[in-house]
Amino acid sequence: MARHLGLEQLATLAEAAGAFLGPVKSAKFVVDEERGDSVLVGSAPRLLERLELGATGRLLAEAVRAQHAAHGVATGTLLCLAGAWSRAAQECLQLGVPVSALVALMNEGLGACLDAVDALRLPVRLSCRHMRGPRPLPAAHAPVAWVPGLPWSDRGLDSGSREPPVPCAPRTDVGAREGTALAHSRHFRGSQGPHPGSAAPSTQGCHDLGQLVGALSRGDPGSMWLAGTALWLLDQSESLQPGSCPGPPTLDLTRVLTCYLPGPPEAASYVCPGYATVLPAAQAPLVSALQGRPLRAVLLEGDLTESYRHPGLHPPASRMCTVLGGGPGPEEEEEEAAWAERVLGVLGGLQVHLVLVQGRVCPGLREVCAAAGQLVLDSVPRDALWALAEATGAQPVAYAWQLSELCVGAGVCLAVLGEGVRGLIVSVGVNGVRLVTAVLTCPAEALMQAREDRFWASARRLQQALGERSVFPGGGAVELLCLSQLQALAEMPPDPPARRPGLQLHAPAVLGGLARGWHSFLAAALSRRSPFPSELEAATRVQRLLQAAVSSGAPDAYILRECRTPHVYDLVTPKLEAWRRALDLVLLVLQTDAEVVVGTAHVRATQGAQAQVLL
Amino acid sequence: MSRLEAKKPSLCESEPLTSERVRATLSVLKGIITSCYGPSGRLKQLHNGLGGYVCTTSQSSALLAHLSVTHPILKILTTAMQNHVSCFSDCGLFTAILCCNLIENVLRIGLPPTTVIKLNKHLLSLSTNYLKSEFCGCRIPVNFSNTEMLLCLVRSILTSKPACMLTHKEVDHVSALILKSFLLTIPENVQDRVILGKSIIVPLKGQRVIDSTVLPGILIEISDVQLMKMLPTKNSDSLKVALFCASLSGDLTGTGEGSMVVTYGVSLENAALDQLLNLGNQLVNDHVDLVMCQKVVHPSLKQFLSTHHVIVIDRLGAALMEPLSKVTGTQPIGSLDSVSPSSYGSVKDLSSARFGSKHFLHLITYESTICSFLLCNRNETTWDELKLTCQTALHVLQLTIKEPWVLLGGGCTETHLAAYIRHKACREPESILKDGYSQTELQLVVGAYCSALESLAGSLEHDGGDILTDMKYGHFWLAQTNSPPSINWQDLLSRCGCGLYSSQEELKWSFLKSTQHSFVPQTCLPQETVISANKLILDCYTAKLSGLQMAVETANMILDLSYIIEDQN
């Protein structure tokens, strides 16, 4: 059997990009030799988007991109499995397994594993009781008022609690103390630690936000703590909405924004309600004048410049218009000044203090407005505009001349959160706004992108665990069950008619190859933890665990029992989808026998000799 | 100074098919196409070599759309194939492979083309007459009172496209959805002519296939999540709809490249906006509830309308206009001057829906033959392939409702037909031979024709397995590679290609390639056999029949070529 070039490329690429597996990630430098710049990347999608790839590589990148877009996590899993499986497929081909048998058996094996791991699902039941306390809350805990200044100070999440959350086990007294059930501080800090003996076994699922956040943090407790805080803050403002139904909590990521702050250490990151941004220090006097009193704000969806027109409108070019009568047309600068005056008139007439603009702002206008005591913020994200519109009843418009009293939102607060290298960090919020901003700090600017990616990965993880209302026990439990399942399947076919005659002959080789995928995943994941320094040792340990699970007779029960102790959770659908995508990718490449370069009409066989044929 | 260049002489190539080069390129093309055929066909990566999108496919339509061929003979072949695919969607590879096989086999026997062409025509009409006849042993009438057969037909199409990457469960789910969406396009009250509706495929890439669904009515993707909150509480039975195909962005229409003369002090933009607001006034006075526009709506007009509780949806795009106009009963409005009340239409209800990360507005309409097919697949490559496949399946269902038969799939129709023709030519040569051709000539051409059909069926196997045919029904049987030498076929085979017969029957098999002696394949498929079988592999009758005709006629045309004259200027 000839070598399969596609599978070889896939294996090599996937293994190179698979170094981002597991909680301990090593960043990589991507150097562009032509331009001489280099980028530090910390995740597989970021790496792949920087590389120039061939056809197979692009399929790999597409699979990773799709997984990242759909779930935001588990791309490392995808790459690790795709690499191991393409190696396994190659070996099977060399053993003479026909492609169709390989495809059928691999699909059968994965299908069986997907069915088997369903038994390991743990429910996540965070009821509103754990998230929301009955009102009225003690004054010190009341999250009702918008408090300018330190958003933490009297929210229970006191500034001292900025250390990462410690996973805490559910406590027996959760239900007993109804009055303070909100007790977010307890959940987030968990400083008391689990009561010995009272911890419910994790087989019964997760009932506690603190526990969930801790168990999902995957070596990045800081980001997960931020995500948990965002969830809690959003849940607080949700509970203020009239007619809000206390369903199970969900994390709506369109209501979470990020704001970079280079300089301070990572631990200084925090989450604040409302929209936070960095303003140049020159605006400080204006900000301090506006701070601490209810403000009137308007929201503009386009640019605030004279030449802005909404998309889809093409004003006629001036050369096409001949003006009859009158003197020469006004100069451009005059026109702009006249326009600025009109805008200022509109804003003044409505007694606006704050203008939030989605696009750019004409610099001249910004100065004029500042002189009139109006603060103009540009590049405000669309989600921020809409969340503020929803909370204040203001209506976002495209042009300043559309503004009317109906478009003004009242009661908006401006607060200074701190001072950074680049200026003031301010937040814009309003009572009950369903919007939070994670202010991400990072000492090295090169790591900023990775910092943000990590935050979003944590937020996506929390969002999906809540959305699915179930998790898997982590730490390799699921993979171990798959291994035992495959072992059973290879030895004992389901029922004879389920498999085509002839397939059984190849089953041990193919299913063994499939098992290698999870084996190498487990070994790689374990070897990155401190007690197992080498991959070899990790592999031995995996083998031992597998033997124990199989010989116990009921692997799923054994694994659930064994994996109870460390509180680590994995997501369900993202993980299973990553498996499926990895196998799809390998099978797609496996079944491909030719690469047709179109346009220039080249046909190149990827399998065997490189033959080029012109049609 | 003008410069004249002498014209190049035309290039003339005589007997093009005798050239080694032509035969070689033909066999490369055949290799590419043949390797794609069937459920275990190999895939092709198509890309432009410069980066960007990689199309991974084994479908004739995608393959042909990208493949550029230069030789005129290949062009004839690919054009014929494309014509067939554009009319019938299915059986493109079938047509192309059969055509290549015929050309190759005929060149091998070395008879004069005129003789071969004449005889081929006779054999073609013998084949089509048999397939159309009542006693045909590989044709089944479709029972519309039961979905099973239609589901089998759809499932066969889905499983024959491996690049869709579907598991068995997903195949079942998507087949059911395709059938459901097809049934939704059939009008309830049928007069003398049935006009089928349309199912609109709405893309949802990145989701699980199992999340795909079919909804009656139209789904419009909305980027504006806030619009959802504006949905009115329903106070009447229907909503009045105005549909614009003209831009409402405030653009000055109709100026083209010309220039305009404007009086001083007049702002063109304001004039355009005034006109729009007048239109808005009229819409409000006419109690329109929903305004939809193919292009952009001016923000001021939007603001004006929404203060009057009119819902505005813009940037619908051209593709949705025709179905929208059909289901709402509106006349798309192309001018802003005045709107005739007769162009308004209505929808029954409006709701919002969320699938994956996308938000949709769901229009539920009185006209019920339009449905939306939300199609999911994990990534772009597999989604594109699945979309093409679904379109093919929907088209095949439409063809099947016109001619309510299906053919046995999985290679069985081809081998059965070949056996039938061999038998006819051997036992009743006088039924074919009327023009005075010799018996030997007939045997040679029949051999070429039938082995073209048989090796077409054999192309379904790509892993070197053994291909057999039984001596009773003439069906196609496949044995895995590396079968042990002491052969007990009964245990090694399970079911025939189409799934109709089991190997446990008392059958005799022979290798397909060595089948030279003729036997009478059993004609007249008994109804009970079909009913008792489940999960049959079925092929579209109309598409396969015309594919057969197209293949033989194209092969005849190519065989008939004696000169290629190329203008080199």
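Author: Strand β16 (residues 592-597) of chain A lies parallel to β2(B), and 5 bridges join the two; strands here are DSSP runs of E with at least two residues, helices are runs of H or I with at least four, both numbered from the N terminus, and strands pair if DSSP finds at least two bridges between them. Within this pairing, V597(A) has H47(B) of β2(B) opposite. Please keep in mind that this is a predicted model, in which local features need pLDDT of at least 70 and side-chain atom pairs count only at pLDDT 80 or more, while totals for chains, interfaces and linings use all residues. Residues are numbered from 1 along each chain as its sequence is written, and chains are lettered from A and ligands numbered from 1 in the order in which they are written.

Now for the interface as a whole: 63 residues of chain B are in contact with 54 residues of chain A, contact meaning that C-beta atoms, placed from the backbone, lie within 7 Å. On the chain B side, the elements that give two or more residues include β2 (43-47), α1 (20-35), α8 (268-285) and α9 (299-307). That side divides into 32 polar, 21 nonpolar and 10 charged residues; Ala, Val, Leu, Ile, Met, Phe, Trp, Tyr, Cys and Pro count as nonpolar, Asp, Glu, Lys and Arg as charged, and the others, Gly among them, as polar.

Helix α9(B) also belongs to a right-handed β-α-β unit with β10(B) and β11(B); right-handed means that, with the strands pointing away from the viewer, the path from the first strand over the helix to the second runs clockwise. Strand β10 (residues 290-293) of chain B and strand β11 (residues 311-313) of chain B run parallel, joined by 3 bridges, with V291(B) opposite V312(B). Strand β8 (residues 239-244) of chain B pairs with β10(B) too, parallel over 4 bridges, and there F244(B) has C293(B) as its bridge partner.

In a regular strand the side chains alternate between the two faces of the sheet. Accordingly, L290(B) and M292(B) point one way from β10(B), V291(B) and C293(B) the other way, and all are buried, that is, 20 or more other C-beta atoms lie within 10 Å of their own, with C-beta atoms placed from the backbone (12 or fewer would be exposed, in between partly exposed). Across chain B, 45% of the 569 residues count as buried.

Notes: Two residues are in contact if their C-beta atoms, placed from the backbone, lie within 7 Å.
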